[in-house]
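Student: Could you walk me through this one, with the cut-offs spelled out as we go?
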Amino acid sequence: MNDLPQAIATMLPLINPGICAAMFMQATSGKALKDKLADATRASLAILVILSIAALIGTRLLDAFGISLDAFMVAGGGVLAWMGFSMLSSKPSSGNSGSANSLTPLILFAASPGTITGVITLSAAHTRLDFPLTALIAIAVATTATWLLMLLIARFGKAKSGGGFLRDTLTRFMGLIVLAMGVQFALTGLHAFGKESPSVPANPSSSLSQPQGGPETKP
């Protein structure tokens, strides 16, 4: 379970509970508390199901297409690094991000293609068995944190138009973590790919001198 803290630290910035809570506050403004709690549960379950399916069948899809885990770690790490760089260089938002009274932008943000790539990369990196337990636990922890934050926002939060600065600061901080994790995954994949590549004999002279011993014996 040494890989579990790293997996959780990767999933939290990818799902980004703080940004999801801010989007949830904007999308559910004006709704009753009962409806907000139901929306928070529905959104969290949708995120959990999408990412769990990606963790369970992602590596099998790689096997079906003949893609090695190490190669996908390099490619997935590159995508994560690009996603983190995009989060770092994103323009300040105006507070009206996300469609009103719609949870679809929130779900698409939390379970984005970049997040799905991160989930499959986690399954490839931390799972050498058939069941990606580490990735599933990390998904459950990050989704639960998102759900709890949305519940807190539903009960105590009020939509404000001046929350863009905090949201942008959170986005950049999470982007830095995602960028670092992407570079780490890419370097790990490159290192593993280099170790598994077939090596050329170091001293070919030994192979030339080998058949001098005994095959010349004739009956």
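Tutor: What follows is a conversation about a few local features of this model.

Student: What should I know before reading any values?
Tutor: This is a predicted model, in which local features need pLDDT of at least 70 and side-chain atom pairs count only at pLDDT 80 or more, while totals for chains, interfaces and linings use all residues. Residues are numbered from 1 along each chain as its sequence is written, and side-chain values use heavy atoms, with hydrogens and water left out.

Student: OK, salt bridges then, how many does the structure hold?
Tutor: It holds two, where a salt bridge is a side-chain nitrogen of Lys or Arg within 4 Å of a carboxyl oxygen of Asp or Glu. Lys31 pairs with Asp39, with 2.8 Å between the closest N and O atoms, and Arg42 meets Asp39 at 2.3 Å, N to O. Through shared partners, these salt bridges join Lys31, Asp39 and Arg42 into one network.

Student: Where do Arg42 and Asp39 lie?
Tutor: Both are in helix H3, three residues apart, which is about one turn of the helix; helices (H or I, at least four residues) and strands (E, at least two) are DSSP runs, numbered from the N terminus.

Student: And is Asp39 buried or exposed?
Tutor: Asp39 is buried, because its relative accessible area is 4%, whereas Lys31 is partly exposed at 29%. Buried means under 20% relative accessible area, exposed over 50%, and partly exposed in between, with a 1.4 Å probe and protein chains only.

Student: Switching topic, which residues form the nonpolar patch on the surface?
Tutor: The patch consists of Val49, Ile53, Leu56, Ile57, Leu61, Phe65, Ile67, Phe131 and Leu133, which together have about 840 Å² of accessible area. Patches are made of residues with over 30% relative accessible area and no salt bridge, joining like charges within 9 Å and nonpolar side chains (Val, Leu, Ile, Met, Phe, Trp, Tyr) within 5 Å. The areas come from the Shrake-Rupley method with a 1.4 Å probe, and for residues only the protein chains shown count as cover.

Student: Which helix gives the largest share of it?
Tutor: Helix H3, residues 33–65, contributes the largest share, with six residues. Leu61 has its place in H3 and counts as partly exposed because its relative accessibility is 43%.

Student: What about H6, how enclosed is it?
Tutor: Twelve of its 14 residues are buried, so H6 is largely enclosed by the rest of the structure; among the buried ones are Gly114, Val119, Leu122 and His126.

Student: How far apart are its end C-alpha atoms?
Tutor: They are 20 Å apart, which agrees with the 20 Å that the 14 residues of H6 (113–126) should span at 1.5 Å a residue, the expected span being 1.5 Å times one less than the number of residues.

Student: Last one, what is the phi of Asn16?
Tutor: Asn16 has a positive phi of about 60° although it is not a glycine. Most residues other than glycine have a negative phi. Asn16 lies in the loop between helix H1 (4–15) and H2, and it is buried, with a relative accessible area of 1%.
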